[in-house]
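Please examine the sequence and the structure before reading each solution.

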Amino acid sequence: METNNPQARPGQRAAAAERAVLVSLPFSRNSRDDDSVEFRRLAEAAGAQVCDVLCARPRRIDAATYVGTGKVEEIREAIVREDANLVLVNQDLTPVQERNLEKTLSCRVLDRTGLILDIFAQRARSHEGKLQVELAQLEHLATRLVRGWTHLERQKGGIGLRGPGETQLETDRRLVRVRIRRLHRRLDKVRVQRAIRRKARRKVPIATVSLVGYTNAGKSSLFNRLTQAQVLVADQLFAT
């Protein structure tokens, strides 16, 4: 999970497991009963230690905090009781909702998208995959930037980007935008190289087969059986 540690980069793991309170708030009538179970598995896949799971079905979305004041107070009590330092919400929060919750709860809050991106960051192996995940994380976090990201100053080209009179927050946002542009350029080069390799493969008369399915559905197991490969197989969401 993204960390407030100014020395850490997106996707970098914390030294110890974070104690998390999970908030599962399905709004759809078609939501499955096992949604909270899957969400817990996502949190555990990210390395969180789940301390408590709060479930509810709100009647409406609160524009400021997504949930009402009563549920916010219940979350705060769970944080204190479990000595938690992270709240994971099984919904996509707006930047305003996330900031308001963090301010009210005095605890870091991460929505479902941020959690899944963190898992992708841990699992990414290829050069292109790592670039894609970092880009997605930065674009997701750009509108949520309210704390220091001064570690980006140590990236190549970061020094000297500060303009006179800029606040630290403005500087950090500028650094993130610069990093995003660089990642786009690097990914463009990777895509060109991949297109060249794909064109070369098409000259060879070999069929291409794709395995498609939900996470943890058994794609890697099937791939290993069909090809005698040794791709990682684990009973874990987004293991590969």
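**Exercise 1.** Against which elements do the buried residues of α1 pack?

*Solution.* The structure is a predicted model, in which local features need pLDDT of at least 70, side-chain atom pairs count only at pLDDT 80 or more, and totals for chains, interfaces and linings use all residues. Residues are numbered from 1 along each chain as its sequence is written, and side-chain values use heavy atoms, with hydrogens and water left out.

Step 1: Helix α1 spans residues 35-45; helices are DSSP runs of H or I with at least four residues, strands are runs of E with at least two, and both are numbered from the N terminus.

Step 2: Its buried residues are Asp35, Ser36, Glu38, Phe39, Leu42, Ala43 and Ala45. Buried means under 20% relative accessible area, exposed over 50%, and partly exposed in between (1.4 Å probe, protein chains only).

Step 3: These residues pack against β1 (19-24), β2 (49-55), β3 (86-89) and α4 (112-123), where contact means heavy atoms within 4.5 Å.

Step 4: Just after α1, Gly47 has a positive phi of about 100°.

**Exercise 2.** State how many helices and strands the protein chain has, and their pattern.

*Solution.* Step 1: There are seven helices and four strands.

Step 1: Along the sequence, they follow β-α-β-α-β-α-β-α-α-α-α.

Step 2: Of the 240 residues in the protein chain, 40% are buried.

**Exercise 3.** Why does Arg181 count as partly exposed?

*Solution.* Step 1: Arg181 lies in helix α6 (residues 168-202).

Step 1: Arg181 counts as partly exposed because its relative accessibility is 46%.
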